[in-house]
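This report covers one protein model. Please look over the sequence and the structure before reading on.

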Amino acid sequence: MDKSTTFTVTVKDSRPTIDSLTLDKTSLTLPVGTTSTAKITTPIPNGNNAVIKVDDMNTAIANVDGSTIYVAGLKEGTTNVTVTLLGKTTTLTVNVVPVVSNLTLSQNTLEVKNDGVLGTLSINSPASLPIGHKPTIVADDPTIAIAQVSGTSIVVAGIKEGTTKVTVTLANASATFVVTVVDINKLKPTPTNDLNSIIYNK
């Protein structure tokens, strides 16, 4: 008499997997003709490599070596670099900006009062801004002073007494100036010969 039996075979997929794919940054800005890098922060299993694809290779080119993505800017513009690893994808936005050889300001210090009167300065160089690009401006401590830039003109408003550094950035170049805010409530009155008027000085 023939005898038979049954048994169950379970085949496990031994291929490595990852839960997600992340980079150390979501965007990258670099001047035309230069290179920069981004890092894959997700651990890459041994024997596996990430694959990248650049949407517009006229704007930038890229390659990956291990966990490092190398990007070269070719011409002004924006493109996306898609990174794929073990079925997961993520995107790096690449902004290629014009080369600004030098960014200078009309002064490197500015004193204003917290009385609502704006202080002003300007961008001296470049004399004209690259088409399609605007400078950005950031105060280290916006509770002391705030600043805005329009074209090559900069205005600053004092908020409270103190000193803060302000950074102006245009493409790949940056420049800084220091703002000192004087509290008008602490100014000492100095009487003049005209007893009916008072001039306020420090």
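Is Lys53 buried or exposed? Lys53 counts as exposed, because its relative accessibility is 52%, and exposed means over 50%. The model is a predicted one.

## Salt bridges

Two salt bridges are present in the structure. In one of them, Lys53 pairs with Asp55, and the closest N and O atoms are 3.8 Å apart. Asp55 has a relative accessibility of 47% and therefore counts as partly exposed.

Glu161 and Lys186 also form a salt bridge through their side chains, with an N to O distance of 2.7 Å. Glu161 sits in the loop between S13 and S14, and Lys186 in the loop between S15 and strand S16 (188-191), so this pair ties together parts that are 25 residues apart in sequence. Lys186 is exposed at 55% relative accessibility, whereas Glu161 is partly exposed at 42%. As a general point, side chains of opposite charge can pair when their charged atoms come close.

## An open sheet of four strands

An open sheet is built from four strands in the order S9-S15-S14-S11, with mixed pairing. Strand S9 (109-113) and strand S11 (136-139) are its edge strands, each pairing on one side only. On average, neighbouring strands in this sheet are turned by 25 degrees against each other, direction ignored.

S9 and strand S15 (residues 173-182) run parallel and are joined by five bridges. Opposite Val182 in S15 stands Lys113.

## The largest nonpolar core

The largest nonpolar core has 22 residues; those touching the most other members are Leu105, Ile154, Val156, Val168, Phe177 and Val179. Two or more residues each come from S9, strand S10 (119-125), S11, strand S12 (145-150), strand S13 (153-158), strand S14 (162-170) and S15. The element giving the most to this core is S15, with five residues.

## Surface features

A nonpolar patch on the surface is formed by Met57, Ile61 and Leu74, which together have about 270 Å² of accessible area. Ile61 belongs to strand S4 (residues 60-65). With a relative accessibility of 35%, Ile61 counts as partly exposed.

Thr17 is located in the segment before strand S1 (27-31). Its relative accessible area is 67%, so Thr17 is exposed. Thr17 and Lys88 are 71 residues apart along the chain, and their C-alpha atoms are separated by 9.2 Å.

How values were computed
Residues numbered from 1 in each chain as written. Predicted model: local features only at pLDDT ≥ 70, side-chain atom pairs only at ≥ 80, totals over all residues. Heavy atoms only, no water. Pairing = 2+ DSSP bridges. Axes fitted to C-alpha atoms, helices over the stretch in contact; angles between N-to-C directions. Patch = residues over 30% accessible without salt bridge, like charges linked within 9 Å, V, L, I, M, F, W, Y side chains within 5 Å. Areas by Shrake-Rupley, 256 points an atom, 1.4 Å probe, with all protein chains shown as cover. Salt bridge = Lys/Arg side-chain N within 4 Å of Asp/Glu carboxyl O. Buried < 20%, exposed > 50% of the residue type's maximum accessible area, 1.4 Å probe, protein only. Core = buried A, V, L, I, M, F, W, Y, C linked by side-chain atoms within 4.5 Å.
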